[in-house]
Amino acid sequence: MTKTSDVADLAAMDRSDLVTIWRQLFDQPAPTMLSQPFLRRFIAFEMQSRNRRGLSRQVKATLDKGSEKKPRPACPALKPGGRLLREWNGVTHVVDVTESGFVWNGRPYRSLSAIAREITGTHWSGPRFFGLTGKVAK
């Protein structure tokens, strides 16, 4: 296959041809875990983008907007020295908030989700388990 392959030609290519095109386009090997349909789509997008001299201004603006890191809202209940209480199966669990995370049953944890998993034995959103998400009652 040559660099001048057309997007329409991709449909008939097998994996080895797609990997060759990938290497030509990106100057590196194709990721091994990508399926053939995904390789075709990704390569087709890249070929079309290069033929049109890159992404449109609208697409670039959308990508830039999505890349802005938004600060996570701080929850006043999670200040160091705070305490969270949750009753589960008749047992009241107390979690202390520290500078580096949380303490439950004398053990340090980095996340509330890990504590919720220890308490329940299943995956939970820690903030949801401790009642920190959702609408605030008036």
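1. Let me start with helix H4 (residues 112-120), whose buried residues are Leu112, Ala114, Ile115, Ala116, Ile119 and Thr120. Here buried means under 20% relative accessible area, exposed means over 50%, and partly exposed lies in between, with a 1.4 Å probe and protein chains only. Helices (H or I, at least four residues) and strands (E, at least two) are DSSP runs, numbered from the N terminus. The cover over the buried residues of H4 includes E1, E2, E3, strand E4 (107-109) and helix H5 (126-129), where contact means heavy atoms within 4.5 Å. Just after H4 comes Gly121, with a positive phi of about 85°.

2. A word on the basis of these notes. This is a predicted model, in which local features need pLDDT of at least 70 and side-chain atom pairs count only at pLDDT 80 or more, while totals for chains, interfaces and linings use all residues. Residues are numbered from 1 along each chain as its sequence is written, and side-chain values use heavy atoms, with hydrogens and water left out.

3. Now to helix H1 (residues 15-26). H1 has twelve residues and spans 16 Å from first C-alpha to last, close to the expected 16 Å; the expected span is 1.5 Å times one less than the number of residues. Leu18, Ile21, Trp22 and Leu25 are buried in H1. They sit on the same side of H1, because their arc around the axis is only 105°, taken from the directions from the helix axis to the C-beta atoms. As a reminder, an α-helix has 3.6 residues a turn, so residues three or four places apart point the same way. The buried residues of H1 pack against H2. After H1 comes Asp27, whose phi is positive, near 55°.

4. With 16 residues, H2 reaches 22 Å between its first and last C-alpha, close to the 22 Å expected at 1.5 Å a residue. H2 is followed by Arg53, which has a positive phi near 60°.

5. What does Glu46 form a salt bridge with? The partner is Arg50, with the closest N and O atoms 2.7 Å apart; a salt bridge is a side-chain nitrogen of Lys or Arg within 4 Å of a carboxyl oxygen of Asp or Glu. Both residues belong to H2 (residues 36-51) and stand four residues apart, about one turn of the helix. Glu46 counts as buried because its relative accessibility is 18%, whereas Arg50 is partly exposed at 43%. Leaving aside neighbours within four places in sequence, Glu46 is in contact with Leu25 and Phe26.

6. The count of salt bridges comes to two. Arg83 forms one of these with Asp96, again with closest N and O atoms 2.7 Å apart. Arg83 lies in strand E1 (residues 83-88) and Asp96 in strand E2 (residues 91-98), so the pair ties together parts that are 13 residues apart in sequence. Arg83 is exposed at 55% relative accessibility, and Asp96 is partly exposed at 26%.

7. E1 and E2 run antiparallel and are joined by six bridges; two strands pair if DSSP finds at least two bridges between them. Trp88 has Val91 in E2 as its bridge partner. Two residues separate the strands in the hairpin of E1 and E2, where Asn89 takes a positive phi near 55°. E2 also runs antiparallel to strand E3 (residues 101-104), with four bridges joining them. Thr98 stands opposite Gly101 in E3, and the hairpin of E2 and E3 likewise has two residues between the strands.

8. Finally, please look at His93 in strand E2. Is His93 buried or exposed? His93 is buried, with a relative accessible area of 12%. The side chains of His93 and Trp104 are joined by a polar contact of 3.4 Å. A polar contact is a pair of N or O atoms within 3.5 Å; within protein, one must be able to donate a hydrogen and the other to accept it, and residues adjacent in sequence count only if both atoms are side-chain atoms. Beyond neighbours within four places in sequence, His93 is in contact with Leu84, Leu85, Arg86, Trp88, Trp104 and Ile119.
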